[in-house]
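Here is a short tour for anyone about to work with this pair of chains. Have the sequence and the 3D view open, and follow along topic by topic.

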Amino acid sequence: MKYMSEYRDPELAKKYLEEIKNTVTRPWSIMEVCGGQTHSLVKNGIIDMLPDSVTMIHGPGCPVCVTPLNLIDKAVHLATEKGVILCSFGDMLRVPGSVKSLLEAKAEGADVRVLYSPLEAVRIAEENPDREVVFFAVGFETTAPANALSVIHAHSRGVKNYSILASHVLVPPAIKAVIDDEESKIDGFLAAGHVCTIMGNAEYHPISEEFNVPIVVTGFEPLDVLQGILMVIRQLEQKKSKVENQYARIVREEGNPDAQKVIHQVFETRDQMWRGIGEIPQSGYAVRAEFADFDATRKYNVTIEEAPEHPDCISGQIMKGIKKPFECSQFGKKCKPTNPLGAPMVSSEGACAAYYHFSGMVEV
Amino acid sequence: MCLAIPGKIRSVEMKHNGMVRMAKISFGGITKEASLDMLPDAEIGDYVLVHVGVAISKVNEEEAQKTFKYLEEIGELGDLIDVEDYLPSKDERKAS
């Protein structure tokens, strides 16, 4: 077992599709919350093989896509005006700010670096004691422990020239916001498997009960996604609404307590702005006062005026699942991965980019 | 962004003056280093899920088989065995 390629078996995928077809008796709309699942659905062609009565709605689960425009402008400002070594994950560098992206800032000479892990940024800070190093720490609950750990490592190793520009978003409040939106009509959810790997499933039981929706914690390989969809549909057809765990090979009911401890040591929850969606109460993490020295927001106190989004971009409606990418007038025209008007076209997990690359709707 | 990949732990060592437990993890031929801070019990030979340089979960082998057997199981068991059907409803339970 390698726990990956086995979950791509086409014969078993066909059997799952067959079982889904045999189970469905009426139309259902299911939201996959995580961009990784959107990517898997579109790239593997699952979306075209599902019966017409099953509609997949693509959720807001791409942290790069929902990072506020203003924060990207701040990161660009730190890199270009404050002369810091600005590090982040690759996807984040290409997201357009109101003036430029971090990648464009890099092309103009700013010291912007793509890293695989925030722990590498602490090492860079150690190796460059005369420079300030800022890690642009975006992510869902999955990434929060690693970002928090970088602060703990820096603190315990006495690294004083390291800080994080944190933009952390949380899934359960976003699911609630999506259900509450009067335009949305979602019957069931695939919850994000790697978020639950950290946080466990406890937060989803009350949501499932309150709103009467099935929630199935689901993985990312084709068979995972197909099994997750089948489990949701079985619940819907049987008029049930509970939390089930498709991804039990990775996700424990209680999550990873050691990771949760690290998160809560460094972060506290706060209201959070989601690009394209708006502010959602208690849906993000801020650095605790004890670690203020490692918080770039406090350290640099940069104020940048809020800039408007591109007028043609409908990313908010895309991320709430109200519109599909191809329903946007600029999709594949003015807006392409090489010239994105909004974030869902930037990240490979953004719904617009996934459709652009894999749906066959655009001749690339 | 939440991409995480399973790999096998090849070796474990303490780094940064013994403060951090790091592992060399093999992903089908490619070896990368990852922190074991979040998995204190993980050992050489374990399959772990790694996200941005941090191991976050140990793969449960028994559970890993279930996706391959799920269709057979629901085929054999049908819809009859859901225990919830035989229990009082949630409202009734709350009322009692």
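In which loop of chain A does Gly97(A) lie? Gly97(A) lies in the loop between helix H6 (90-94) and helix H7 (102-107) of chain A. Please keep in mind throughout that this is a predicted model.

**Around Gly97(A)**

- Is Gly97(A) buried or exposed? Gly97(A) counts as buried, because 20 C-beta neighbours fall inside 10 Å and the cut-off for a buried residue is 20 or more.
- Leaving out residues up to four places away in sequence, Gly97(A) touches Leu69(A), Ile72(A), Asp73(A) and Val76(A).
- Gly97(A) and Ala307(A) are 210 residues apart along the chain, yet their C-alpha atoms are separated by 8.9 Å.

**Where chain A meets chain B**

- On the chain A side, 48 residues are in contact with 31 residues of chain B.
- Several helices of chain A each supply at least two residues to the side that touches chain B, among them helix H1 (10-23), helix H8 (118-127), helix H9 (144-156), helix H13 (222-237) and helix H14 (257-266).
- H9(A) gives the most to this side of chain A, with 5 residues.
- By class, the residues of chain A that touch chain B comprise 25 nonpolar, 14 polar and 9 charged.

**Helix pair H1(A) and H13(A)**

- The axes of H1(A) and H13(A) are 10 Å apart, and the two helices pack at an angle of about 15 degrees.
- H1(A) is therefore roughly parallel to H13(A), since angles under 35 degrees count that way.
- The crossing of H1(A) past H13(A) is left-handed.
- From H1(A), the contact draws on residues including Leu12(A), Tyr16(A), Leu17(A) and Ile20(A), while H13(A) brings residues including Leu223(A), Leu226(A), Leu230(A) and Ile233(A).
- In the contact of H1(A) with H13(A) there are 11 nonpolar, 2 polar and 3 charged residues.

**Helix pair H8(A) and H9(A)**

- H8(A) packs on H9(A) at an angle of about 25 degrees, and their axes are 8 Å apart.
- That angle makes H8(A) roughly parallel to H9(A).
- H8(A) and H9(A) have a right-handed crossing.
- The residues that make this contact are Pro118(A), Leu119(A), Ala121(A), Val122(A) and Ala125(A) of H8(A), together with Ala146(A), Asn147(A), Leu149(A), Ser150(A), His153(A) and Ala154(A) of H9(A).
- The contact of H8(A) with H9(A) divides into 8 nonpolar, 3 polar and no charged residues.

**Helix pair H9(A) and H14(A)**

- At what angle do H9(A) and H14(A) pack? The angle is about 60 degrees, with the axes of H9(A) and H14(A) 8 Å apart.
- H9(A) and H14(A) are therefore oblique to each other.
- Their crossing is left-handed.
- Ala144(A), Pro145(A), Ala148(A), Leu149(A), Val151(A) and Ile152(A) of H9(A) meet Ala259(A), Val262(A), Ile263(A), Gln265(A) and Val266(A) of H14(A).
- This contact of H9(A) with H14(A) has 10 nonpolar residues, 1 polar residue and no charged residues.

**The nonpolar core**

- The largest nonpolar core has 145 residues, and those touching the most other members are Ala75(A), Ala79(A), Leu86(A), Phe136(A), Ala191(A) and Ala55(B).
- H13(A) provides the largest share of this core, with 9 residues.
- Beyond its neighbours within four places in sequence, Leu86(A) is in contact with residues including Ala75(A), Ala79(A), Leu102(A), Val134(A) and Phe136(A).

- Gln282(A) is not a glycine, although its phi is positive at about 50 degrees.
- Gln282(A) is found in strand S11 (residues 278-287) of chain A, and counts as exposed because it has 11 C-beta neighbours inside 10 Å.
- Asn301(A) is not a glycine either, and has a positive phi of about 45 degrees.
- The place to look for Asn301(A) is the loop between helix H15 (296-300) and helix H16 (315-319) of chain A.
- With 7 C-beta neighbours inside 10 Å, Asn301(A) counts as exposed.

**Chain B at a glance**

- Chain B contains 3 helices and 5 strands, which run β-β-β-β-β-α-α-α from the N terminus on.
- Chain B has 96 residues, of which 29% count as buried.
- Looking at contacts in chain B between residues at least 6 apart in sequence, 28% join residues at least 24 apart.

Conventions
Residues are numbered from 1 along each chain as its sequence is written. Chains are lettered from A and ligands numbered from 1 in the order in which they are written. This is a predicted model: local features need pLDDT of at least 70, side-chain atom pairs count only at pLDDT 80 or more; totals for chains, interfaces and linings use all residues. Two residues are in contact if their C-beta atoms, placed from the backbone, lie within 7 Å. Helices (H or I, at least four residues) and strands (E, at least two) are DSSP runs, numbered from the N terminus. Ala, Val, Leu, Ile, Met, Phe, Trp, Tyr, Cys and Pro count as nonpolar, Asp, Glu, Lys and Arg as charged, and the others, Gly among them, as polar. Axes are lines fitted to C-alpha atoms, for helices over the stretch in contact, and angles run from 0 to 180 degrees between N-to-C directions. Angles under 35 degrees count as roughly parallel, over 145 as roughly antiparallel, 65 to 115 as roughly perpendicular and the rest as oblique. A crossing is left-handed if the near helix is turned anticlockwise from the far one by less than a right angle, and right-handed if clockwise. A nonpolar core is a set of buried Ala, Val, Leu, Ile, Met, Phe, Trp, Tyr and Cys residues joined through C-beta atoms within 7 Å. A residue is buried if 20 or more other C-beta atoms lie within 10 Å of its own, exposed if 12 or fewer, and partly exposed in between; C-beta atoms are placed from the backbone.
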